[in-house]
Amino acid sequence: MRTKCINKIVLGWIVLSVLLLNGCVVGKKVVYVKDMGINGHHRILDEEPMKLQKGDRLRITVSSKNPELAAPFNGGVGAFRIDGSGNVEAVNEQTKNAQSYLINSEGMIDFPVLGKMMVAGMPLEKVTEKITTQLKTGGMIADALVKVELLNFKVSVTGAVLRENVLHAENAEMTLMEALALSGGLKPNAAPDQIKVIREEDGIRRIIVHDIESKSFFDSPAYHLRQNDIVYVTPRSAEDTPRENRSWRFWSTAMGLISIALAALTLAK
């Protein structure tokens with residue numbers, strides 16, 4: 001009699017364990033930069049200037065106190081332009097934003113009046129300085145004000161994140177933390193110490209690995225993302241397909257019901 005009671009108790013615990021294992025799969029909890037003290041001080045590293053690449057698209061606007069002087073350098077779409085009769089007229093904002101310069105396979109752009117100039121590998125500030133200097137030293141515009149913007153800044157985020165997507169930033173600035181946040185954060189299956197940034201620079205592709213649970217995350221050279229970076233969050237294991245998920249739920253439910261039925265029959269004896 002005592003043996004039967006023990007068997008029933010053991011069987012009950014087995015059934016309960018099976019149900020818990022089948023019905024509850026908990027991912028590892030991730031705490032961002034958990035080793036960073038609340039009142040600690042951490043030096044912010046200087047950000048390396050972003051360099052332009054072949055295939056980038058720029059918007060360059062030249063301004064002056066005399067609109068007539070700046071118009072030829074805006075490709076006919078600056079704040080003003082000269083019509084066929086030589087008259088100066090304003091240009092609408094929509095047309096102005098449509099103007100851009102593509103950095104070709106040689107790393108150059110073809111800028112009005114100044115001609116071809118090498119810009120690949122240079123930061124935006126250096127390109128601004130280069131054009132401004134040529135305009136002033138060439139006696140073209142003494143008070144030239146040049147603005148250079150990168151139009152094609154985009155970052156791809158994929159892997160174990162809630163929303164895989166391609167992110168764009170109008171100001172050409174985005175951090176790795178911002179990219180992850182805009183993608184909904186990490187999935188429960190994500191490996192927090194295997195957040196990778198795939199970057200191409202000077203014809204070389206490299207992978208920079210980050211651990212989001214460590215404060216070293218902020219010290220990475222890829223914390224400030226660059227145009228065309230790929231952020232890949234590595235999963236701890238391969239994810240099931242929707243069909244596999246449906247099959248798993250079906251069999252888990254079936255096994256649970258069978259276990260309950262067997263347990264009920266055993267306890268009723």
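This is a short walk through one chain, from the whole fold to a few of its residues. Keep in mind that the model is predicted.

The overview comes first. The chain has 269 residues, and 32% of them count as buried. It holds six helices and 12 strands. Take the contacts between residues at least 6 apart in sequence: 62% of these join residues at least 24 apart. The chain exposes about 17000 Å², with carbon and sulfur atoms supplying 57% of that area.

Now to one residue, Val127. Find it in helix α4, residues 124–137. Is Val127 buried or exposed? Its relative accessible area is 1%, under the 20% cut-off, so Val127 is buried. Which residues does Val127 contact, leaving aside neighbours within four places in sequence? They are Leu52, Val119, Met122 and Val148. Lys147 lies 20 residues from Val127 in sequence, and their C-alpha atoms are 9.3 Å apart.

Next, the aromatic rings. The whole structure has four aromatic pairs. One of them is Tyr101 with Phe111. Their ring centres are 5.4 Å apart and the planes meet at 50 degrees, so this pair is tilted. Tyr101 sits in strand β4, residues 101–102, and Phe111 in strand β5, residues 108–111. Both Tyr101 and Phe111 are buried.

Then look at Phe218 and Tyr223. Here the centres are 5.2 Å apart and the planes are at 70 degrees, so the pair is edge-to-face. Phe218 is partly exposed, at 30% relative accessibility. Tyr223, at 13%, is buried. Together with Phe217, Phe218 and Tyr223 form one aromatic cluster.

How values were computed:
Residues numbered from 1 in each chain as written. Predicted model: local features only at pLDDT ≥ 70, side-chain atom pairs only at ≥ 80, totals over all residues. Heavy atoms only, no water. Helix = DSSP H or I, 4+ residues; strand = E, 2+ residues; numbered from the N terminus. Buried < 20%, exposed > 50% of the residue type's maximum accessible area, 1.4 Å probe, protein only. Contact = heavy atoms within 4.5 Å. Areas by Shrake-Rupley, 256 points an atom, 1.4 Å probe, with all protein chains shown as cover. Phe/Tyr/Trp six-rings, centres within 6.5 Å; stacked < 30°, edge-to-face > 60°.
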